[in-house]
Amino acid sequence: MDFGLKELSTEAEREIAGILMRHPEMCEVVGSRLFASEQFLDKNLGKAVDYLVDAFAAGVPIGEVTAVVGELRKAGLLDGIGGKEGVLKILHFAPATTAHLDYNISQVVSLHRKRLQAGIATELSHRSHDVSSDARDDAAWAEARLSAIHADNRDESAMMLSDLMGSLADQMESDLGKSQQMGVPTGFSTVDEATGGYFPGEITVLGAWTSIGKTAFALQTAMFAARASDPRSVLMLSLEMREFQIAHRIAASELGLSTIDLRSGSYDSRDVDAVRSFAEQSTNVRLGIYPARRAPVRQIRSLSKIFRANHGLDLLVVDYLQLIEPENRRADRHVQVQQISNDLKSLAMELNIPVLALAQLNREGEGTAKPTTKNLRESAGIGNDADSTWFIHRPTRQSTEAELIVDKNRQGPPFTMPMRYDGSRFTFHAVEAKAMCNYEDAFEEYAE
């Protein structure tokens, strides 16, 4: 018997959904206090509410019924709540004001906990009828789970070694016969062989001094991943450049067009046809470009979740870390950057995706010494949060000679990969190590 808990849950959940549809400005309140897809009894409605919260944070206008219906349809969530008629029904019974929102949120949280407690009670009843179990162990088990519920601990128990290794064996078995490239590929075989590429849950920081090529490298690897033989879904959030600036670079790297000509209008109809043809060929390429000037990490999280719902998400590229809006504007700058770095790492783990975060370097040693983790601008903590730190080095901004320095590599030892930079096409090319004037024998030993 549920003593009417089901009816109470459903009513509170529908009222919350209706309030959001009538008053989208309340999305931030709901998003900060609920994990609707987990805590709602109606899981389909919970997913819809979470999506609307993320859509609002991402700047998507959801203030009208047609907008709500369109967004939910695009995300594949509309049918789960009864289609357009379901949305209209929710709105029909929604409160006219937000006065009871706090009460409804508290109600949903409380009833979710009661359902969890009921599950624990059922399990405890089974244990109590098992004469082989110890009563004190049963009580300790129940106490631990009840404490976890009321501490909002979503990870109720650790994974035991046997279970962990069994899961690993299952994953390995499912991957048998597949490409040995388990991470998202970078497009550079040397890097992929040494690091495995970009791995889910990990953050790779790519640093360089200004105008050395970190955006070009990031865009090049994003394009490669999105168009590989096993294509991935990639979202690139640019906090520094507008869409057409990035489009100009893609036209230069892929079609050989001059960015100067594109900016000045010095092109002809053949160039227009080439760009249009490339656009048609890219219909199925899942590479999203979003200008997110001064976006905070919470908005980046929402943008990522919206993109994942619509296109999938295998790699998130953020250009660049120090331009992310801090949550606490009054904190010291190094504290702000440290928190941003930590939040990006948490985002990678939460969404189980790799994050490639570009970073500016400080002025110390610029143009002379090769950069290292200590050169990361405004916070040494960036290197601590990163699973890998990579740096692009060119002796001068005019130099075609370049190196990718993998300074921190959790998959193996650090190494340096020689490259050539084509500044007219914003493209890096791997080269034979001995072709570089600063070739080191240690590189050949590592490659062997």
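Tutor: A polar contact is a pair of N or O atoms within 3.5 Å; within protein, one must be able to donate a hydrogen and the other to accept it, and residues adjacent in sequence count only if both atoms are side-chain atoms. This is a predicted model: local features need pLDDT of at least 70, side-chain atom pairs need 80 or more, and totals for chains, interfaces and linings use all residues. Numbering starts from 1 along each chain as its sequence is written, and side-chain values use heavy atoms, without hydrogens or water.

Student: Which backbone nitrogen does the side chain of T195 reach, and at what distance?

Tutor: T195 lies in helix α10, residues 189-195. Its side chain reaches the backbone nitrogen of G197, at 3.1 Å.

Student: Which residue's backbone oxygen lies 2.7 Å from a polar atom of the T195 side chain?

Tutor: Look within α10, which holds T195. At 2.7 Å from a polar atom of that side chain lies the backbone oxygen of V191.

Student: Is T195 buried or exposed?

Tutor: Buried means under 20% relative accessible area, exposed over 50%. T195 has 4% relative accessibility, so T195 counts as buried.

Student: Which residues does T195 touch, leaving out those up to four places away in sequence?

Tutor: A contact means heavy atoms within 4.5 Å. With that exclusion, T195 touches W390, N409, Q411 and F415.

Student: What share of the chain's contacts with a separation of 6 or more comes from residues 24 or more positions apart?

Tutor: The chain has 448 residues, and 44% of them count as buried. For those contacts, residues 24 or more positions apart account for 67%.

Definitions and conventions. Buried means under 20% relative accessible area, exposed over 50%, partly exposed in between (1.4 Å probe, protein chains only). Helices (H or I, at least four residues) and strands (E, at least two) are DSSP runs, numbered from the N terminus.
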